[in-house]
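Dear colleague,

Please find below the structure that I am handing over to you.

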Amino acid sequence: MSYLIAVLLTIQVGYATMFGDTPEDMGGTPACTYRLPKTEMRRLLPRGCAHRTLPCGTRLEVVRAWRGRLLHATCHVVDRGPNGRRKDGSYRGVVDMMPAPAREVRVGRAVVLLWAWPTWR
């Protein structure tokens, strides 16, 4: 039961964007570089994403409805963001994705549903 509650508490709906074509386009060193072991960071980075509040290494499932079907991608939090704000002060997006997972859900800038799996560390 607690597993179900943990999953339900981390569901978000909002805009997803793709940032950069390579990990170097993230604008410097990813925020999670100092929190995750180097080997794990190297493994997670190509399928990484940026989220403002979830812990580093958290696995996210991103789903987008597109032309009558659901597109699905899995990514791991490796950085903080997205940082763009609207005029009213609220954040524009819920997640920035590296190119590999973003292409799976055909994201340039699209509304997605995402949920985080609890980390068992």
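The accessible surface of the protein chain amounts to about 7,200 Å², and 56% of this belongs to carbon and sulfur atoms; the areas come from the Shrake-Rupley method with a 1.4 Å probe, and for residues only the protein chains shown count as cover. This is a predicted model, in which local features need pLDDT of at least 70 and side-chain atom pairs count only at pLDDT 80 or more, while totals for chains, interfaces and linings use all residues. Residues are numbered from 1 along each chain as its sequence is written, and side-chain values use heavy atoms, with hydrogens and water left out.

Of the 121 residues of the protein chain, 42% count as buried. Here buried means under 20% relative accessible area, exposed means over 50%, and partly exposed lies in between (1.4 Å probe, protein chains only). Among contacts between residues at least 6 apart in sequence, 75% join residues at least 24 apart, a contact being heavy atoms within 4.5 Å.

Fold

The protein chain has 3 helices and 6 strands, both taken as DSSP runs numbered from the N terminus (helices H or I, at least four residues; strands E, at least two). From the N terminus on, the order of elements is α-β-α-β-β-β-β-α-β.

The strands form a closed barrel of 6 strands in the order S1-S5-S2-S4-S3-S6, with mixed pairing. Neighbouring strands of this sheet are turned by 45° against each other on average, direction ignored; axes are lines fitted to C-alpha atoms, for helices over the stretch in contact, and angles run from 0 to 180 degrees between N-to-C directions. Two strands are taken to pair if DSSP finds at least two bridges between them.

Strand S5 deserves a separate paragraph. Strand S1 (residues 12-18) and strand S5 (residues 93-97) run parallel and are joined by 4 bridges. Tyrosine 15 stands opposite glycine 93 in S5, and alanine 16 has valine 95 of S5 as its bridge partner. S2 pairs with S5 in the antiparallel sense over 2 bridges, and alanine 50 stands opposite aspartate 96 in S5. Because 5 of the 5 residues of S5 are buried, this strand is largely enclosed by the rest of the structure.

Salt bridges

Side chains of opposite charge can pair when their charged atoms come close. A search of the whole structure finds 3 salt bridges, each defined as a side-chain nitrogen of Lys or Arg within 4 Å of a carboxyl oxygen of Asp or Glu.

- Arginine 43 and glutamate 40 meet through their side chains at 4.0 Å, N to O. The two residues are 3 apart in helix H2 (residues 38-44), so about one helical turn separates them. Arginine 43 is exposed at 55% relative accessibility, whereas glutamate 40 is buried at 19%.
- Arginine 47 and glutamate 104 form a salt bridge at 3.0 Å, N to O. This pair links distant parts of the chain, 57 residues apart: arginine 47 is in the loop between H2 and strand S2 (48-50), and glutamate 104 is in helix H3 (residues 99-104). Arginine 47 is partly exposed at 28% relative accessibility, and glutamate 104 is partly exposed with a relative accessible area of 37%.
- Arginine 59 and glutamate 61 form a salt bridge at 2.9 Å, N to O. Arginine 59 is partly exposed at 37% relative accessibility, while glutamate 61 is buried with a relative accessible area of 4%.

Backbone geometry

Most residues other than glycine have a negative phi, and most peptide bonds are trans. Which sites in this model call for a look on that account?

A cis peptide bond joins glycine 81 and proline 82, with omega about -5°. Proline 82 is found in the loop between strand S4 (69-79) and S5.

Arginine 67, although not a glycine, has a positive phi of about 50°. Its place is the loop between strand S3 (59-66) and S4, and arginine 67 counts as exposed at 73% relative accessibility. Arginine 106 likewise has a positive phi, near 50°, in a residue other than glycine. Arginine 106 lies in the loop between H3 and strand S6 (109-116) and counts as partly exposed at 43% relative accessibility.

With kind regards
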